[in-house]
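Subject: Structure handover

Hi,

Here is the structure you asked about. My notes on it follow below.

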Amino acid sequence: MDQAYAHFEKSLPGGVDIAKAKESLLNQKIETPSWGYADSGTRFQVFHQPGAARTVFEKLDDAAMVHQMTGITPSVALHIPWDEVDDYERVVDYAAELDLTIGAINPNLFQEPEYKLGSLCHPDKVVRRKALDHILECIEIMNITGSKVLSLWLADGTNYPGQDDFRARKKRLEDTLRIVCDALADDQRLLIEYKFFEPAFYHTDLADWGMATLLATKLGPKAQTLVDLGHHPLGTNIEQIVAYLIDEGKLGGFHFNSKKYADDDLTTGSTNPYELFLIYNELVAGAEDLQEDLNVAYMIDQSHNVKPKVAAMIQSVESIQAAYAKALLVDRQALREAQREGDIIGAETILRAAYDRDVTPLLVNVREELQVPIAPLEAYRQSGYQEKIARERG
Ligand code: PSV
Ligand code: MN
C-alpha cells in the first residue's frame, strides 16, 4: 500500500467502510452512447471533427478505447436508425472482440417527416402504427444484441394551445406502450425518459418525472423512469426526484450530462459537480437502506459538439466515478445522528466533508486493481489515439 493511500485511509471518519466503498467502485459500470463518438452540433452548425466516428464499428472502436482507459465502461448504447446495419450479429461479434457488449437500444421517434404532429401520440393511427412498428423492430434488435434496456425518449408534444387534445394523446400513448411492454421479455425493461420542452414548445406529452412515473406504474414492473440530467427546468431538485423514484422502485436509469441553461448535453459534472455528488449520495443511501442492488442503468447521453469526443467521454466517466467515490465516503451514521438531532450545520458539514475530499488516492488504488491507467484522461491524451483516428478517418 503506498503512502498516499495509507494516509487517505487513516484520514477517513470512523463511520466509513472503505473496503465496501472500494468494492462498489470496482463494480461500477457506466454505459457510453454510440452517438457521443459521432459528429454532432446544434441547429445552427455542426462542426466536423477530424476522426469523428462515421460507422457503428468506428463508434465501438472509440468506446473500446474509453473502456481500455477507464475499465468501467463495458457497454455501448445504440440509437436506431443512426446505428442501423443489415447484420446485428456482426455488431455483437465486433463488440465482443473489443471486450464490449451492446447496451440500451434507443428508438428514434423524432426524425421522420410523418412525426411532425407526434409519433405514439399522433392523431393519425397510421403514424402511431409506424412509430410502434419501429419500436417493435428495436425490440427484435434487442433480442439479437442481448440488450436488456429499451430506452424511450418521446419527442411528442404540441407547439400551440388547442393544437391537440391532451387527454386523447395521453390515452394513445398508454395504449401503444402497453403493446410495447407485452413485446418485451420478462428480463427486458422499458425506460421512459421525460423532458419538459423541445422540440415542442407549448406542451410535451411526457414533460416530467411525475408523468413518466405515472405511466410506468400503470404499465407495470417492466416499465421504469429514466432521469436525463438535462431534462429539467432550472433549479429542479434532481436528487429529490432520484430519492422518490428509488423509494417507489421506479428508478430505471440515468442519462448523465450537464447543463447550464436547458438540454445542453455538456460533459457530466462540468457545470454542476455538487449536484452530481448529491444525486450519488441518494443512490448510495438508497442502496444501503434497501440493502439491495438498485438495478439502475447508468448511461451517458452527451453530444460533444466542440470537445474532442473520446477525451470528453473519458473526462465524463472520471467525473461520475469521482462523484460516486465521494458519495461512498459520506459518514452515514453521523449524518443520521445529525438529522435526528436537527443539527443542520452538522449534517451539511458531513456531506461537504465527503464532497471536498480528494479521492485521487482511492481512485488510483481502484484503477490499479482494474489494471487501467491511474490517470485515464492524461493517459489517453498521450496515447496518440486521437491523432491516429484523425489520420485514418480523415
Ligand atoms: C433527447 O434530448 C435525448 O436526451 C434522448 O435521450 C435522445 O435519445 C438523445 O437525447 C439523443 O438525441
Ligand atoms: Mn437522454
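F277 and Y355 are both buried. Keep in mind throughout that this is a predicted model. The ring centres of F277 and Y355 lie 5.4 Å apart and the planes meet at 50°, so the pair counts as tilted. F277 belongs to helix α9 (residues 273–290). Y355 belongs to helix α12 (residues 344–356).

The charged end of K326 sits over the Y355 ring, 4.9 Å from its centre. A second contact of this kind involves R352, which lies over the face of Y274 at 5.3 Å from the ring centre.

**Other aromatic pairs**

How many aromatic pairs are there? The count comes to 19. One of them is W35 with W82, an edge-to-face pair. Its centres are 6.4 Å apart, with 65° between the planes. W35 sits in the loop between β1 (32–33) and α3 (56–70), and W82 in the loop between β2 (75–80) and α4 (88–97), so the pair ties together parts that are 47 residues apart in sequence. W35 has 12% relative accessibility, so it counts as buried. W82 has a relative accessible area of 38%, so it is partly exposed.

Ring pairs also build a cluster. Its members are F254, F256, Y280, Y298 and Y324.

**The manganese site**

Which residues coordinate the manganese ion (ligand 2)? They are E193 (OE), D228 (OD), H255 (ND1) and D301 (OD), at 2.1 to 2.2 Å. The ion has six donor atoms, and the angles among them run from 71 to 164°. The site is octahedral. Along the sequence, the donor residues follow the spacing E-x34-D-x26-H-x45-D. D228 lies in strand β8 (residues 223–228) and H255 in strand β9 (residues 251–256), so this pair ties together parts 27 residues apart in sequence. Both D228 and H255 are buried.

**Pocket and cavities**

The largest pocket holds about 1300 Å³. Its lining consists of 41 residues. Those that lie nearest the pocket centre are G41, E198, D263, D265 and S303. Two elements, β3 (101–107) and β4 (149–153), each give two or more residues to this lining.

There are also two cavities of 30 Å³ or more. The largest cavity has a volume of about 40 Å³. What lines the largest cavity? The lining is made of Y37, Q49, P50, G51, A52, D62, K309, V310, Q386 and I389. Helices α10 (309–328) and α15 (385–393) are the elements that give two or more residues to it.

**Backbone points to check by eye**

Most residues other than glycine have a negative phi, and most peptide bonds are trans. These places depart from that pattern:

- I80 and P81 are joined by a cis peptide bond, with omega about 15°. P81 lies in the loop between β2 and α4. W82 is in that loop too.
- E198 and P199 are joined by a cis peptide bond, with omega about 5°. P199 lies in the loop between β6 (189–193) and β7 (203–204).
- E198 also has a positive phi of about 80°, although it is not a glycine. E198 is in the loop between β6 and β7. At 31% relative accessibility, E198 counts as partly exposed.
- Q291 has a positive phi of about 55° and is not a glycine either. Its place is the loop between α9 and β10 (297–300). Q291 has 72% relative accessibility, so it counts as exposed.

E198 therefore turns up in several of these notes: it is partly exposed, it has a positive phi, it joins P199 through a cis bond, and it is among the residues nearest the centre of the largest pocket.

Best wishes

How values were computed
Residues are numbered from 1 along each chain as its sequence is written. Chains are lettered from A and ligands numbered from 1 in the order in which they are written. This is a predicted model: local features need pLDDT of at least 70, side-chain atom pairs count only at pLDDT 80 or more; totals for chains, interfaces and linings use all residues. Side-chain values use heavy atoms; hydrogens and water are left out. Donors are N, O and S atoms within 2.8 Å of the metal (3.2 Å for Na, K and Ca); water is not among the atoms, so sites may look incomplete. Four donors count as tetrahedral if all angles lie between 85 and 135 degrees; four count as square planar and six as octahedral if opposite donors are over 155 degrees apart and all others between 65 and 115; anything else is irregular. Helices (H or I, at least four residues) and strands (E, at least two) are DSSP runs, numbered from the N terminus. Buried means under 20% relative accessible area, exposed over 50%, partly exposed in between (1.4 Å probe, protein chains only). Rings of Phe, Tyr and Trp (its six-membered ring) pair if their centres lie within 6.5 Å; planes under 30 degrees apart count as stacked, over 60 as edge-to-face and the rest as tilted. A charge sits over a ring if NZ of Lys or CZ of Arg is within 6 Å of the ring centre and within 35 degrees of the ring normal. On a 1 Å grid over the protein atoms alone, a cavity is a set of points where a 1.4 Å probe fits but cannot get out, and a pocket is an open set with protein on both sides within 12 Å along at least five of seven lines; lining residues have an atom within 4 Å of a point. Grid points are joined across faces, edges and corners, and a volume is the space filled by probe spheres set on the points.
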